[in-house]
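Dear colleague,

Please find below the structure that I am handing over to you, together with its sequence. My findings follow it.

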Amino acid sequence: MDCLEVCKERKLKDEQGAVSTQDGTVDRHGRPAIKAKSGQWTAGIIILLNQGLATLAFFGVGVNLVLFLTRVLGQNNAEAANNVSKWTGTVYIFSLVGAFLSDSYWGRYKTCAIFQVIFVIGLVSLSLSSYLFLIRPRGCGNQQMPCGSHSGLEITLFYLSIYLVALGNGGYQPNIATFGADQFDEEDPKEGHSKVAFFSYFYLALNLGSLFSNTILGYFEDEGVWALGFWVSAGSAFAALVLFLAGTTRYRHFKPSGNPLSRFSQVLVAATKKCSIDMPPDTDDLYNVDGNDSSMNGNRKILHSDEFKFLDRAAYITTRDVDDQKKGICSPWRLCPVTQVEEVKCIIRLLPIWLCTIIYSVVFTQMASLFVEQGAAMKTTISNFQIPPASMSSFDIISVALFIFLYRRVLDPLVGRIRKKNSRGLTELQRMGIGLVIAILAMVSAGIVECYRLKYADKDCTHCEGSSSLSIFWQVPQYAFIGASEVFMYVGQLEFFNAQTPYGLKSFGSALCMTSISLGNYVSSLLVTMVMKISTEDHMPGWIPGNLNKGHLDRFYFLLAGLTTVDLVVYVACARWYRSIKLEGKTAENYEQCSFKV
């Protein structure tokens with residue numbers, strides 16, 4: 001017993017003498033995280049592998065869902081594209097649910113674990129329902145043999161399964177990105193550099209995970225072996241969950257900071273109550289609390305900014321506030337600290353930038369719907385080998401991997417040397433702007449390919465898959481442009497929203513990125529519906545009919561190119577107006593890193 005006590009005392013002394021992180025992270029027992037024993041690339045690599053496996057599972061369902069709906073459930077092209085857009089949009093809407101629970105109550109680790117369990121349950125349910133009820137007769141669902149009709153109960157079970165997948169993946173995704181970034185102490189220069197690199201590798205892992213889905217699984221599903229594809233996805237999701245739980249002892253954690261909605265409401269109510277008060281020009285009379293009390297969960301204070309001065313009223317100390325404090329009364333619904341007010345300002349400043357990313361997501365979502373339908377109507381054979389149209393997104397993944405390498409190893413250091421004063425290279429806002437420019441090129445490229453596809457198409461075909469003599473490989477440029485734009489837009493978004501949201505809202509920052517994808521899918525669905533309604537007047541087949549050879553999909557692509565051009569102009573204006581968050585202890589150089597300079 002004495003020996004055990006001595007060992008415990010020695011272990012305690014070693015932990016007390018070890019260097020802890022400086023950013024406020026804790027271990028799973030709630031104690032300050034020790035640098036040498038937690039986080040860094042050991043935990044980061046586990047999370048990257050988890051992300052790759054989970055992405056493989058998700059895209060094993062999502063990449064060919066539009067073909068499953070048309071071949072197995074018998075939906076037409078427009079209806080299937082709309083349903084895929086709505087489902088994908090719902091995935092990302094659920095990201096707000098996961099972010100809220102993570103930032104407010106559960107923390108990122110618990111939230112990731114729970115939603116991954118839901119994800120696995122949804123995939124197992126989808127695999128069972130497809131194998132037992134939907135794939136009938138056996139071997140149906142390929143290009144030659146459509147499946148039979150299904151009962152309402154069977155269709156309901158299918159939609160319940162895929163929306164469980166949406167809930168599980170949606171709640172997990174924004175938290176795993178932020179949880180991975182939590183493993184690096186940004187107060188340490190070396191770990192801070194690794195944290196920036198993590199977002200690029202995270203997006204690369206996401207794309208490499210989908211590579212298997214888009215090629216091997218995509219091929220089997222295109223041949224009608226749907227149940228096998230779904231079972232592989234379920235197995236991959238289960239492996240991801242086991243791997244995530246295996247790294248439990250290595251993770252660093254930020255404690256949840258409570259309900260942000262109440263904090264936001266307190267600022268708005270307090271500011272409204274003092275709307276008739278004349279505010280002095282200086283900030284000396286604003287309520288500032290010393291030390292960690294001023295921010296959520298002991299994180300650093302946010303310095304006062306000059307925008308949205310109306311909200312400053314929430315922190316203005318009136319005579320009544322002084323009298324209440326003397327009586328020991330302190331109501332957060334009447335007086336809020338500056339940091340709490342600045343939290344609200346931060347989110348308001350982010351909204352215009354976030355709104356400008358939605359149109360980009362409309363472009364991005366075409367890769368999972370109309371690009372696939374366009375590819376299916378092209379020549380998809382080489383000798384006797386059939387190329388699944390969905391597998392063409394492999395070129396998007398290759399493009400992402402290539403441009404991540406080029407950006408991190410070539411472009412970023414080159415720009416840093418040219419600027420001299422800031423070795424960091426392009427800012428997040430500048431990269432997002434470049435992403436919009438490349439997205440315009442992607443839509444123009446897709447439109448030109450469609451013009452030539454129509455030129456070589458058989459307009460009188462009955463089953464129009466493969467009805468054009470134009471090779472499907474002419475789609476490579478549009479997929480490559482989309483991949484390049486993702487590196488600049490989505491990686492830039494992940495870094496931007498993570499850096500510019502307050503500490504208690506980091507998962508919400510990642511959810512903003514995902515929600516823009518969600519709204520992009522809904523806007524895409526709305527655009528398709530509007531275009532079909534307008535273009536089918538006077539008994540015309542419309543731009544996106546069931547037989548694409550009688551439509552004008554090229555015009556839809558050019559419409560998206562025009563909308564993205566308008567969005568780019570608005571984005572540049574918003575980015576020039578934006579002012580970054582100012583944290584106590586940060587230098588002026590840190591603020592310039594998020595500025596947008598033309």
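The structure holds 31 aromatic pairs; please note that the model is a predicted one. One of these pairs is formed by F371 and Y479, edge-to-face, with 5.3 Å from centre to centre and 80° between the planes. It joins distant parts of the chain, as F371 belongs to helix α13 (residues 370-376) and Y479 to helix α16, 108 residues apart. F371 is buried, at 0% relative accessibility, and Y479 is likewise buried, at 0%.

F395 and F473 also make an edge-to-face pair, at 6.3 Å centre to centre and 85° between the planes. F395 sits in helix α14 (residues 394-419) and F473 in the loop between α15 (428-455) and α16, so this pair ties together parts that are 78 residues apart in sequence. F395 is partly exposed, with a relative accessible area of 26%; F473 is partly exposed as well, at 35%.

Helix α16 itself comprises residues 476-500. Its 25 residues should span 36 Å at 1.5 Å a residue, and the 35 Å between its end C-alpha atoms agrees with this. Of its 25 residues, 20 are buried, so the rest of the structure largely encloses α16.

On the surface, F212, I216, F220, V225, L228 and V232 form a nonpolar patch with about 440 Å² of accessible area together. Helix α7 (189-222) gives the largest share, three residues. V225 lies in the loop between α7 and α8 and is partly exposed, with a relative accessible area of 34%.

Yours sincerely

Notes. Residues numbered from 1 in each chain as written. Predicted model: local features only at pLDDT ≥ 70, side-chain atom pairs only at ≥ 80, totals over all residues. Heavy atoms only, no water. Helix = DSSP H or I, 4+ residues; strand = E, 2+ residues; numbered from the N terminus. Expected span 1.5 Å × (residues − 1). Buried < 20%, exposed > 50% of the residue type's maximum accessible area, 1.4 Å probe, protein only. Patch = residues over 30% accessible without salt bridge, like charges linked within 9 Å, V, L, I, M, F, W, Y side chains within 5 Å. Areas by Shrake-Rupley, 256 points an atom, 1.4 Å probe, with all protein chains shown as cover. Salt bridge = Lys/Arg side-chain N within 4 Å of Asp/Glu carboxyl O. Phe/Tyr/Trp six-rings, centres within 6.5 Å; stacked < 30°, edge-to-face > 60°.
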